[in-house]
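Please keep the sequence and the structure in view while reading the points.

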Amino acid sequence: MAITVPVLMLMVLLIIQFALWYHASAVAEAAAQEGVRSARVIEGTADSGQSRAAEFMVANAPSLVESTAVLSTRTNEIARVEVNGSLRSIVPFVQLSIHAEAESSIERFREDNR
């Protein structure tokens, strides 16, 4: 019993840790998508995409993801947002990183050449 209970507790904590990682990855992916939506519009900028993704992370995972970094780029054709961070650990010596990226083409007006 003295050996089984600590091992069982460790397994339960690892399951919880990986469930939190899965949730944080989904939140980071949604933040990247929100950032791209903001950056890809006609009057959007890379800064607007970066700030929208950062706001989304703060609003939806304020204490779950540590040291969140958002990188946003926009060219004439493509808007891209990357979200990186590290998951707050509940199991000692287990460090999991979070990475998500989203990319979309830029909205623009094209004349009808009929």
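The numbered points below concern the sheet, the helices and a few individual residues.

1. The model under discussion is predicted. The positions and angles described here should be read with that in mind.

2. The strands form an open sheet of 3 strands in the order S1-S2-S3, and the pairing is antiparallel. Strand S1 (65-74) and S3 stand at the edges with a single partner strand each, so one side of each has no neighbour in the sheet. From one strand to the next, the twist averages 10°.

3. The pairing of S2 with S3 can be followed residue by residue. Strand S2 (residues 78-87) is joined to S3 in the antiparallel sense over 9 bridges. Within this pairing, Val 83 stands opposite Ala 100 in S3, and Ser 86 stands opposite Ser 97 in S3.

4. Which residues of strand S3 (residues 97-105) belong to its covered face, and which to its uncovered one? The covered face consists of Ile 98, Ala 100, Ala 102 and Ser 104. The uncovered face carries Ser 97, His 99, Glu 101, Glu 103 and Ser 105.

5. H1 lies across S1, S2 and S3 and runs at about 25° to S3. H2 packs on the sheet as well, where it touches S1 and S2, and its direction makes about 160° with that of S1.

6. The helices also pack on each other. Two packed helices are described by the angle between their axes and by the distance between those axes. The axes of helix H1 (residues 4-40) and helix H2 (residues 46-60) come within 7 Å and cross at roughly 150°. Angles over 145 degrees count as roughly antiparallel, and H1 and H2 are therefore roughly antiparallel to each other. Their crossing is right-handed.

7. Which residues make the contact of H1 with H2? From H1 come Val 27, Ala 28, Ala 30, Ala 31, Glu 34, Gly 35, Ser 38 and Ala 39. From H2 come Ser 48, Gly 49, Arg 52, Ala 53, Phe 56, Met 57 and Asn 60. The residues of this contact divide into 8 nonpolar, 5 polar and 2 charged.

8. Is Gln 17 buried or exposed? Gln 17, which is found in helix H1, has a relative accessible area of 0% and is therefore buried, since buried means under 20%. Leaving aside neighbours within four places in sequence, Gln 17 is in contact with Leu 87, Arg 88, Ser 89, Ile 90, Val 91, Val 94 and Leu 96.

9. Two residues deserve a check of their backbone angles. Most residues other than glycine have a negative phi. Ser 67, found in strand S1, has a positive phi near 45°. Phe 93, in the loop between S2 and S3, has a positive phi near 70°.

10. The exposure of these two residues may be read alongside their angles. Ser 67 counts as exposed because its relative accessibility is 59% and exposed means over 50%. Phe 93 is likewise exposed, with a relative accessible area of 85%.

Note on methods: Residues numbered from 1 in each chain as written. Predicted model: local features only at pLDDT ≥ 70, side-chain atom pairs only at ≥ 80, totals over all residues. Heavy atoms only, no water. Buried < 20%, exposed > 50% of the residue type's maximum accessible area, 1.4 Å probe, protein only. Helix = DSSP H or I, 4+ residues; strand = E, 2+ residues; numbered from the N terminus. Pairing = 2+ DSSP bridges. Axes fitted to C-alpha atoms, helices over the stretch in contact; angles between N-to-C directions. Parallel < 35°, antiparallel > 145°, perpendicular 65-115°, else oblique. Left-handed = near helix turned anticlockwise from the far one by under 90°. Contact = heavy atoms within 4.5 Å. Nonpolar A, V, L, I, M, F, W, Y, C, P; charged D, E, K, R; others polar.
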